[in-house]
Amino acid sequence: TITAVFLLAFISGIVLTYTALENNDSIAGQNGKVWEDQIQRTNAPTIGEDNAPVDVIIYQDYACEQCRNFTQGEESPLNHIKSRYVSSGEARLIWKNYPKKGHPWSTNASTLLECIHRESPETFFHAKNSVLNQQSMINNSNLVQKTLEDTELEGGKEGQIRECYRNGEALSEVLSQKRVAEELGVLRPPA
């Protein structure tokens, strides 16, 4: 069988990864690295069926207004993709972090949301939307409080999330995801 991985940019630069299995060969990207091998698809926030033939990797900066516009609202590009491709089983959406310089609380937001996904994965999308919807009110000093007070967590999860946020392990993962995005040629989120 062939494993062909195509990386296409569409709708505000979203990265679409299509995998077709026909033999054991792989197609490499511009930098010579195999796209499929660089993007970890497990242990990430997802919407859609695990066996969908297309993985759409969404690199997002939670302090970015364009990222909010891409994902929020009835007519957003993301809702179009979900209704057209995810609901039909043709695609699965996978979220990755891409905090950008110039957004003072962006890396902290990505780290907090990575912790929320680790400790309470069922609340990730609510927390993500909360951060995006409160962009104008969030700063480094109130990010954790505003996000967690708007996210319904099961008992004990808030303490685990706060500890994850403090210990730096999630930050390493955020920075790793950003590095991979840059190696793949993602110039800016939303991608």
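Buried means under 20% relative accessible area, exposed means over 50%, and partly exposed lies in between (1.4 Å probe, protein chains only). The model is predicted, so local features need pLDDT of at least 70 and side-chain atom pairs count only at pLDDT 80 or more, while totals for chains, interfaces and linings use all residues. Residues are numbered from 1 along each chain as its sequence is written, and side-chain values use heavy atoms, with hydrogens and water left out.

**Stop 1: the disulfide**

A disulfide is counted here when two cysteine sulfur atoms lie within 2.5 Å. A disulfide is a covalent bond between the sulfur atoms of two cysteines. The whole structure has one disulfide: Cys 115 and Cys 164 form it, with 2.3 Å between their sulfur atoms. The angle about the S-S bond is -80 degrees, and the link is left-handed. Cys 115 sits in helix α4 and Cys 164 in helix α7 (residues 157-167), 49 residues apart. Helices (H or I, at least four residues) and strands (E, at least two) are DSSP runs, numbered from the N terminus. Cys 115 is buried at 0% relative accessible area, and Cys 164 is buried at 6%.

**Stop 2**

Now select Cys 64 and Cys 67. What keeps the sulfur of Cys 64 from a bond with that of Cys 67? The two are 3.1 Å apart, which is too far. Cys 64 is buried, at 3% relative accessibility, and Cys 67 is buried as well, at 0%.

**Stop 3: aromatic pairs**

Rings of Phe, Tyr and Trp (its six-membered ring) pair if their centres lie within 6.5 Å; planes under 30 degrees apart are stacked, over 60 edge-to-face, and the rest tilted. The count is three aromatic pairs. Select Tyr 59 and Tyr 98, an edge-to-face pair with centres 6.3 Å apart and planes at 90 degrees. Tyr 59 belongs to strand β4 (residues 54-60), and Tyr 98 to the loop between β5 (91-97) and α4 (106-119). Tyr 59 is buried, at 1%, and so is Tyr 98, at 1%.

Next, select Trp 95 and Phe 125, also edge-to-face, at 4.9 Å and 75 degrees. Trp 95 is in strand β5 and Phe 125 in helix α5 (residues 124-133), so this pair ties together parts 30 residues apart in sequence. Trp 95 is buried, at 3%, whereas Phe 125 is partly exposed, at 21%.
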